[in-house]
Amino acid sequence: MRQSQMLIPTLKENPADADVISHRLMLRAGLIRQVASGLYTWLPLGLRVLRRVEQILREELARSGAQEVLMPVVQPAELWEESGRWHKMGPEMLRMQDRHQRNFCLSPTHEEVVTDLFRREVHSYRQLPCNFYQIQTKFRDEVRPRFGVMRAREFTMKDGYSFHMDQESLDATYREMHDCYSRILRRMDLRFRAVEADTGNIGGASSHEFHVLADSGEDVIVHALHSDYAANLEKATAAAPPTRPAPTAALTRVATPGQESIAEVSAFLSLPAARCLKTLILDGVDGPVAVVLRGDHALNEIKAQKLPGVTVPLRLAADTAVLEAAGCRPGSLGPLGLAIPTWVDIEAAAVADFVCGANTDGFHYTGANWERDIPLDATRVVDVRNVLPGDPAPDGSGPLALQRGIEVGHIFQLGRVYSAPLAAGVLDRSGASVIPLMGCYGIGVTRMVAAIIEQNHDDAGIIWPRPVAPFDVHVIALNYAKSEAVRTATEGLLQELEQLGFSVLLDDRDERAGVKFADADLIGIPHRVTVGDRGLAQGVVEYRGRRDTENQEVALAALAERLR
């Protein structure tokens, strides 16, 4: 491909509205252009990368026995009403009507459609298990699209769905898809982690996320330093704390004027934050609900909103509701005498002689203890906090560590969340109708491209891993228009490399050498070959790998073998 004939509109400066590295570099390297907020056109160079990612997906999914289908982006409301999600899905689902005033949506996901396909076409246990996937457009009307294609409104996703007669079969396919996703990411030369995850609004029993490791990642993932345990922050747990010590201090009510935050109270009383308990009041379905945590811990919202009686999504109660429930403002809340349902984090339940609010503005208790001073219902002791670096791993292997990652894949065991309400039954060996179990397996294809860049770049531009690069070799022809020697050598080299199976981008533009080299670094093709009159006079060209710091002179006649 000749660069003079290809639309690669590179930019010298960083776009002002690009917040993350991948967004900046995708715009500067001419991979994408924005049409509207969260909507992008993929230009030729970016589309080549996208197609190479898709090809790796298709090869590994075929190896796993998955069958490719293609389902519509526009979906009828009737299917979503059958599953019960038409009214549960929020404004992220874009709803519309056709000319007959029938309700439709732009697909945010395809569980309903694939289950409808299954119930219409699969009727016997002999046809199971089956595993279908597609690479298709999705639309989610994000309230605040950002980070380029990382969180766009329209995106390309590989989503797959499997159907099974029993749990053993589902487990086997789930393991195979876990291995398949790992192979896909390894083939792209990416550093990644598969972690236990919350099932979110997709539903189901268990799930794993696949994260590309990057300092710029939105997600925090937790892993043990000395074992395979790994989970995202929403799901991660630590080992249970030691048994609570016996009380040694007397319960004392002390004045703490103007001291409302944990930091202020602990400094005022000269006690560590871990000895201070904080009480949060949340909105509940039937009235406010309290949660008690150690002062140095943060509430895990995903865990907390799964507590009985807590509203979803999670909301802190307004100050007026706090005052009505406890008789004080939030800065003086405590569990002693609190007459609303109260949940206690397992770490907070293990603290003795602690400080807590007295439910009177400007006062706290010191020397407070569970059981002796405050009744503690063991059924209301739960894990609702975020783990911290250094916490003991739940498998007892040692400390936990935290990393940042970009979620690019997610697999679920759905159970019968969709197959049951859509009555997707099949006949078993005895002729009875049974509802199959389902699995769900997704990869964000366009997001994957951004994640690759976040992990592979330098100050000059993108550094594509070879398996997903838009081209294998970037040939820079200096003075191509005026030098017959350069043209002859370049055309011969181009033909030789393409015959050997290399994809080649030839920079034949009438530009200065500095411009060509800057664009080459920005575009990030793995191998760069510079052909110029000076080198040709000695029978050599300059070779430079994208990660290299120095050029190397290579005999023109030996270059193809060197690249191979």
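User: Is His474 buried or exposed?

Analyst: His474 counts as buried because its relative accessibility is 1%; buried means under 20% relative accessible area, exposed over 50% and partly exposed in between, with a 1.4 Å probe and protein chains only. This is a predicted model, in which local features need pLDDT of at least 70 and side-chain atom pairs count only at pLDDT 80 or more, while totals for chains, interfaces and linings use all residues. Residues are numbered from 1 along each chain as its sequence is written, and side-chain values use heavy atoms, with hydrogens and water left out.

User: Which side chain makes a polar contact with that of His474?

Analyst: The side chain of Gln3 does, at 2.9 Å. A polar contact is a pair of N or O atoms within 3.5 Å; within protein, one must be able to donate a hydrogen and the other to accept it, and residues adjacent in sequence count only if both atoms are side-chain atoms. Beyond neighbours within four places in sequence, the residues in contact with His474 include Gln3, Asp507, His527 and Arg528, where contact means heavy atoms within 4.5 Å.

User: Which strand holds His474?

Analyst: His474 is found in strand S26, residues 473–477. Strands (E, at least two residues) and helices (H or I, at least four) are DSSP runs numbered from the N terminus.

User: What sheet is S26 part of?

Analyst: S26 belongs to an open sheet of five strands with mixed pairing, in the order S27-S26-S28-S29-S30. Strands S27 (504–507) and S30 (552–555) stand at the edges with a single partner strand each, so one side of each has no neighbour in the sheet. S26 and S27 pair in the parallel sense over four bridges; two strands pair if DSSP finds at least two bridges between them. Val473 stands opposite Val504 in S27.

User: Which helix packs on that sheet?

Analyst: Helix H11 (residues 513–523) does, touching S26, S27 and strand S28 (527–531). The direction of H11 makes about 170° with that of S26; axes are lines fitted to C-alpha atoms, for helices over the stretch in contact, and angles run from 0 to 180 degrees between N-to-C directions.

User: Changing topic: what domains is the protein divided into?

Analyst: They are domain 1 (50–72 + 107–236 + 402–452), domain 2 (252–382) and domain 3 (471–563), with bounds from an automatic or database domain assignment. The centres of domain 2 and domain 3, taken over C-alpha atoms, are separated by 67 Å.

User: How many residues are in the largest nonpolar core?

Analyst: That core has 61 residues, and Met26, Leu31 and Trp464 are among those with the most contacts inside it. Domains 1 and 3 both give residues to this core, so it lies between them. A nonpolar core is a set of buried Ala, Val, Leu, Ile, Met, Phe, Trp, Tyr and Cys residues joined through side-chain atoms within 4.5 Å. A second, separate core of 24 residues includes Met89 and Phe118.

User: What does Leu31 touch?

Analyst: Setting aside neighbours within four places in sequence, the contacts of Leu31 include Met26, Trp42, Ile453 and Trp464.

User: How many residues of helix H1 are buried?

Analyst: Six of the eight residues of H1 (21–28) are buried, Met26 and Arg28 among them. Elements covering the buried residues of H1 include strand S1 (32–36), helix H9 (445–455) and H11. H1 is followed by Gly30, whose phi is positive, near 75°.
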